[in-house]
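Q: Could we go through this model residue by residue? I would like the cut-offs stated as we go.

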Amino acid sequence: MPVIARLRDRLDTVPIGIACLCARIFPAAVFWQSGQTKVEGWHVTDGAVALFREEYQLPLVDPWLAAHLAAFAEHVFPALLVLGLATRLSAAALLAMTAVIEIFVYPDAWPTHGVWATCFLLLILRGPGALSIDALIDRAVQRSSQPYRAD
């Protein structure tokens, strides 16, 4: 067997859950850190609101509301991703946020946004992997839906 084929076969045995775990953790860290710059304690800073008013200038959304929604999303969805809870929903929310950032705020940052989008698409299409709360819930639901057998 050629070396390349053996290598491919060995790589095929690596669980996808490892890649999914990385796809959850690393983009989550980026969004979490961004969220941290927008808050002091439990409050969105005036500087964050000013950033949305002066630099981001999103259409159709009030800067105060946009800053608060972004701060919320950048904390909740990354936390859920790291836990692997509501993973597909969280990845979809952050993919939508990434699209808004790419289209309206930093269109020249498409290589970075493309990496984030790829991670989120993997999670949406394949799920969080075995190392997640979602997987634990799935296993519990499968066990409870099996008919009872008295042996």
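Q: Where is Gly35 found?
A: Gly35 belongs to helix α2; helices (H or I, at least four residues) and strands (E, at least two) are DSSP runs, numbered from the N terminus. This is a predicted model, in which local features need pLDDT of at least 70 and side-chain atom pairs count only at pLDDT 80 or more, while totals for chains, interfaces and linings use all residues. Residues are numbered from 1 along each chain as its sequence is written, and side-chain values use heavy atoms, with hydrogens and water left out.

Q: Is Gly35 buried or exposed?
A: Gly35 is buried, its relative accessible area being 0%. Buried means under 20% relative accessible area, exposed over 50%, and partly exposed in between (1.4 Å probe, protein chains only).

Q: What does Gly35 touch?
A: Not counting residues up to four places away in sequence, Gly35 touches Glu74 and His75; contact means heavy atoms within 4.5 Å. The C-alpha atoms of Gly35 and Phe72 are separated by 7.6 Å, although these residues are 37 residues apart along the chain.

Q: Glu74 again: which side chain meets Glu74 in a salt bridge?
A: The side chain of Lys38 does, at 2.9 Å from N to O. The pair ties together parts that are 36 residues apart in sequence, because Lys38 lies in the loop between α2 and β1 (39-40) and Glu74 in helix α4. A salt bridge is defined as a side-chain nitrogen of Lys or Arg within 4 Å of a carboxyl oxygen of Asp or Glu.

Q: And are Lys38 and Glu74 buried or exposed?
A: Both Lys38 and Glu74 are buried.

Q: How many salt bridges does the whole structure hold?
A: A search finds two. Asp9 and Arg8 also form a salt bridge, with the closest N and O atoms 3.3 Å apart. Asp9 counts as partly exposed at 31% relative accessibility, and Arg8 likewise counts as partly exposed at 48%.

Q: Changing topic, how many residues are in the largest nonpolar core?
A: That core has 27 residues, and Phe31, Val44, Phe52, Leu81, Leu94, Met97 and Phe120 have the most contacts inside it. The helices α2 (16-36), α3, α4, α5 (87-105) and α6 (110-126) each supply at least two residues of this core. The largest share, seven residues, comes from α4. A nonpolar core is a set of buried Ala, Val, Leu, Ile, Met, Phe, Trp, Tyr and Cys residues joined through side-chain atoms within 4.5 Å.

Q: Take Val44, then. What does it touch?
A: With residues up to four places away in sequence not counted, Val44 touches Lys38, Val39, Val49, Ala67, His68 and Ala71.

Q: And Val49?
A: Val49 sits in helix α3 and counts as buried at 8% relative accessibility. Leaving aside neighbours within four places in sequence, Val49 is in contact with Val44, Pro63, Trp64, Ala67 and His68. Val49 and Ala66 are 17 residues apart in sequence, with a C-alpha to C-alpha distance of 7.8 Å.

Q: Which residues of α3 are buried?
A: Ala48, Val49, Ala50, Phe52 and Tyr56 are buried in α3. The buried residues of this helix pack against β2 (43-44), α4 and α5.

Q: What follows α3?
A: Gln57 follows α3, in the loop between α3 and α4. Phi of Gln57 is near 45 degrees, a positive value in a residue other than glycine. Gln57 counts as exposed, at 54% relative accessibility.

Q: How about Ala86?
A: Ala86 lies in the loop between α4 and α5 and has a positive phi of about 55 degrees although it is not a glycine. Ala86 is partly exposed, with a relative accessible area of 29%.

Q: Now the surface: which residues make the nonpolar patch?
A: Leu60, Val61, Trp64, Leu65 and Leu69 make a nonpolar surface patch of about 570 Å². Patches are made of residues with over 30% relative accessible area and no salt bridge: like charges are joined within 9 Å, nonpolar side chains (Val, Leu, Ile, Met, Phe, Trp, Tyr) within 5 Å. Accessible areas come from the Shrake-Rupley method with a 1.4 Å probe, and for residues only the protein chains shown count as cover.

Q: Where does Val61 lie?
A: Val61 lies in the loop between α3 (46-56) and α4 (63-83), and counts as partly exposed at 34% relative accessibility.
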